[in-house]
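User: I would like to learn how to read a two-chain model, going from overall shape to single contacts. Please take one feature at a time.

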Amino acid sequence: MNETNNLPVLEKLTYKDFAPDQDVKWCPGCGDYSILKQVQGIFPELGKKKEEFVFISGIGCSSRFPYYMDTYGMHSIHGRATAIAAGLKASRPDLDIWIVTGDGDAMSIGGNHLIHTLRKNFNLNILMFNNEIYGLTKGQYSPTSHVGLVTKSTPFGSIDEPFNPAELALGAKSTFFARSLDRDPKHMKEILLEAHAHKGTSFVEIYQNCPVFNDGTFFIYSEKGTKKEESLYLEEGKPLIFGENNSKGIKFDGFKPVVVDLTDGKNSIDDLWVHDKNDRIKATILASFANGSNGTHLPRPFGIFYSIDKPTYEETMMHQIEEVTKIKGRPNLDEILSGDKTWVIA
Amino acid sequence: MKTEDGVIEKESVVVRFSGDSGDGMQLTGTQFTDTTAFLGKDISTFPEFPAEIRAPAGTIAGVSGFQVHFGSKEIFTAGDEYDVLVAMNAAALKSDIGNLKKGGIIITNTAGFDSKNLRLAEYQDGVNPLEDESLSEYEVYKVNITSLTKEALKETGLSNKELERSKNMFVLGMLYWIFDQSPDYTINFINEKFSKNPELAQANILAIKSGINFGETTEIFNTRFKINASPQPPGTYRSITGNNAIAIALISASEISGLPLFLGSYPITPASDILHELSKYKHSGVRTFQAEDEIAAICSAIGASYGGSLSVTTTSGPGMSLKTEALGLATILELPLIVINIQRGGPSTGLPTKTEQSDLLQAMYGRHGECPLPILAPCSPSDCFDTVYEACKLTVEHMTPVIVLSDGYIANGSEPWKFPAAYDLPKIKSVFADKPNSDDGTFLPYKRDENFVRPRVKPGTKGLEHRIGGLEKANETGDISYEPHNHELMVNLRQAKVDKITDSIPEAKFDSGSEDSELLVLGWGSTYGTIKTAVLELISEGYNVSHIHLRHMNPFPKNLGLLLMKFKNILIPEINNGQLIKIIRDKYLVPAIGLNKIQGLPFTTSEIKNKILEILNKK
């Protein structure tokens, strides 16, 4: 520690600089390990000083994350990480703030704070680990669990309509939504870098396997036999292609996305939907792929659904303060204490 | 003393402006008050309004009142009974006549007593109080204020609706004439307020002048009053409400401590005015954040405090309940945070616009786990400044959230305030750690100083990266610890830190009387003025009574127990069902007697005097 004082300002950091000397206490095989490794891996590449990073979390398995990053961090209370981060960012725009949350923490107990943080558009990074189950409380259904899921609190199957996180984020005026998954570290790394580069609230849903209470929920998107048919990787400016040997694509039939076979001679790549992350309507349709309710089975999209530039809350707040100060001048404290109507008693 | 020209010189007078919510009584009362204060009289006010923005016009539920007590002597309360009642309609008369002194003056707007208004006020068919004998004990002036105002302003070209709305200025003019006060202050106010609409300004000024002329030329008023200026200590004064005093105290503490001010708040009556007032001070760098709910309001403030701000959240009872979990987090994190609760009648939505002191036990005990916090309570509108400033000093210097319990009565009430100069404000010591604090070069976020206070660190400080959280921490290192003895140690350390604050607060002292008196009245919060008046009156009547008023509710002043032991009779009046009394009995085992009122209203002086006399006469 003593030697570091003499190093130049932007020292070369490695992932080891972000790994504290604490034992990581997630269950063996938990998807969180993979996410932690990718986050630690990209941090040296972000061009920031170590002390500028802050992790804020709520409650749940994912929310232990700050303890495993050797940065500033706060492990707060259930659902409130976004609200705490909002106050921190509004008062300290210089900090690089990351929120780590889960499907229960973000979308159930913290749902109100999540939607308002998204619409206000602070420059924050939200990583929501979605495992479609409550892990830390030992296996109850979550707001993203599918109908019929048998859990400790739903022994006869869940009757709740689940949230679709992408639709929720877009409905809440999110300026950035992306999806990745724990079993695709390379993709996750790209998405994390893009999320960080986005100026505004970037909301990343990460499919994360809970080997104890909901094992294998997302395996069809990552395992060899099914991945190519079930996953659709979004690339900016590129047509939507998936399937074994890239043999399938998505095209629009009116506003309805349909799967087409690229090998039967009826459709070519030129007919396909081209991904445009600035297009809100396309993003909304992509978000609906997960609903599986429009009569067609569609692959699950991964990547950046939507990303637009908009002034951040803290920029606008600072701008307003500067503008008002320019017009009115900064009052001294004695002027504030006296107000504009006084009288003297001799 | 009646002089030759019919002017009575009085030491003090209470005026009650009463009308429909839409009649502009709050503005009329405020203008009358500010003018009166400006002319050097001491004042105390009590605005009282319905919870509905516009309750059905003409009904009792829609009555909005503004009471002002002013005089040439020191004024501590808004007064038990009024000398003058201005009743703009039948409902106002019916609702407020009960507290008019016998022989008092009633000024009515006869236009508000037509058959519709009488029916809405639920008078029986055919009954009009202005036309029967029911008001014979009073001096009643029946003036068709509405038509006089319309007549006076007919040349202005204002719409009928605008003419109607100017009638409160005509009333103000009449009152200025009756109390021999210059309208200049209000004329300046109107010119500023309507600077973009000079026609409206001129019309309002004309309405005031017409009211004055009406008083002067018609000679219908038998009585005029003269109240001399009050012998207040020399100095420069302003008028202040409790909520505005809180806003100014927060800005002052921010400037003196050098910490940026952050307010996270969610609108709630009667606390919203603090948010409104602070939001005007963007040019002082104040950051106000209207959060999505009460929980986000306190959580955003916790986030800003973690970032190094002077952080505040403001609320009232229901919001306080929502904030309790986060308040526990702030307590275990040991971060500075000001939580201001402007108490109102509860539980639940209760009486949103009425006053109560019923959140003391919540502030003391209303969190899960062992969660002690310092609590301060202001006793008057101007005392809100001193109390909140002190709360800021304590929160920063002792690294603990601090709760301030004000209430609706002092939040909206106003009084003259001899405001301090910036350089006279106490210093606030704000320190941030910038280097490791242990021999082996590591940083220990929960290593304490002699006051059990942990170091404060700003994220962004090189080399001091660490994690804090809601889980129990190991002593000094702050690492997660479930070790049994460590938990007990940490609970005791957090308690010791709060207890140690007794060394930083003044000892309790007598506001009136001494320890040799027969009975002590122990009060807290907004009951101050009433208790003070009651005790002073009894002392002047020859009774041996005394008064101590607490600002520091937790921890109590060091000497409080010893003082209380000296009394055979201790009376604790509270606007609740007995809360301070429980804590006092528990802590000091003294046989205190309670006086409780839970009507959403402050005590009257006579209620307190009568209770004191009842105890003294029992012996």
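The dialogue below goes through chain B, the interface, a helix pair and a strand.

Analyst: One caution before starting: this is a predicted model.

User: How does the radius of gyration of chain B fit that of a compact globule?

Analyst: The general idea is to compare the value with what the chain length would give. A compact globule of 619 residues would have a radius of gyration near 25 Å, and chain B has 27 Å, so the two agree. Its C-alpha trace spans about 90 × 65 × 50 Å along the principal axes. Buried residues account for 52% of chain B.

User: What secondary structure does chain B have, and what share of its contacts join residues at least 24 apart?

Analyst: Chain B holds 20 helices and 23 strands. Taking contacts in chain B between residues at least 6 apart in sequence, 75% join residues at least 24 apart.

User: How many residues of chain B are in contact with chain A, and which element gives the largest share?

Analyst: An interface can be read by counting, then by element, then by class. Here 55 residues of chain B are in contact with 53 residues of chain A. Elements of chain B that each supply at least two residues to that side include α1 (25-38), β9 (235-241), α9 (242-257) and α12 (317-333). The largest share, nine residues, comes from α11(B). By class, the side of chain B that touches chain A has 25 nonpolar, 19 polar and 11 charged residues.

User: Which strand of chain A is joined to β9(B), and in what sense do they run?

Analyst: Strand β12 (residues 343-345) of chain A is joined to β9(B) by three bridges, and the two run antiparallel. In one of the pairs, V344(A) has T236(B) as its bridge partner.

User: At what angle do α9(B) and α14(B) cross, and is the crossing left-handed or right-handed?

Analyst: For a helix pair, look at distance, angle and hand. The axes of α9(B) and helix α14 (residues 383-398) of chain B come within 8 Å and cross at roughly 35 degrees. The crossing is right-handed. Residues making the contact include A245(B), I248(B) and A249(B) of α9(B), and F385(B), V388(B) and Y389(B) of α14(B). By class, this contact has 12 nonpolar, three polar and one charged residues.

User: How many residues of β11(A) are buried, and which strands pair with it?

Analyst: In a regular strand the side chains alternate between the two faces of the sheet. In strand β11 (residues 300-307) of chain A, seven of the eight residues are buried. Strand β5 (residues 176-181) of chain A pairs with β11(A) antiparallel over four bridges, with R179(A) partnered by G303(A). Strand β7 (residues 231-233) of chain A is joined to β11(A) by three bridges and runs parallel, with Y233(A) partnered by F302(A).

Conventions: Residues numbered from 1 in each chain as written. Chains lettered and ligands numbered in written order. Predicted model: local features only at pLDDT ≥ 70, side-chain atom pairs only at ≥ 80, totals over all residues. Rg over C-alpha atoms; globule rule 2.2 N^0.38 Å. Buried ≥ 20, exposed ≤ 12 C-beta atoms within 10 Å, placed from the backbone. Contact = placed C-beta atoms within 7 Å. Nonpolar A, V, L, I, M, F, W, Y, C, P; charged D, E, K, R; others polar. Pairing = 2+ DSSP bridges. Axes fitted to C-alpha atoms, helices over the stretch in contact; angles between N-to-C directions. Left-handed = near helix turned anticlockwise from the far one by under 90°.
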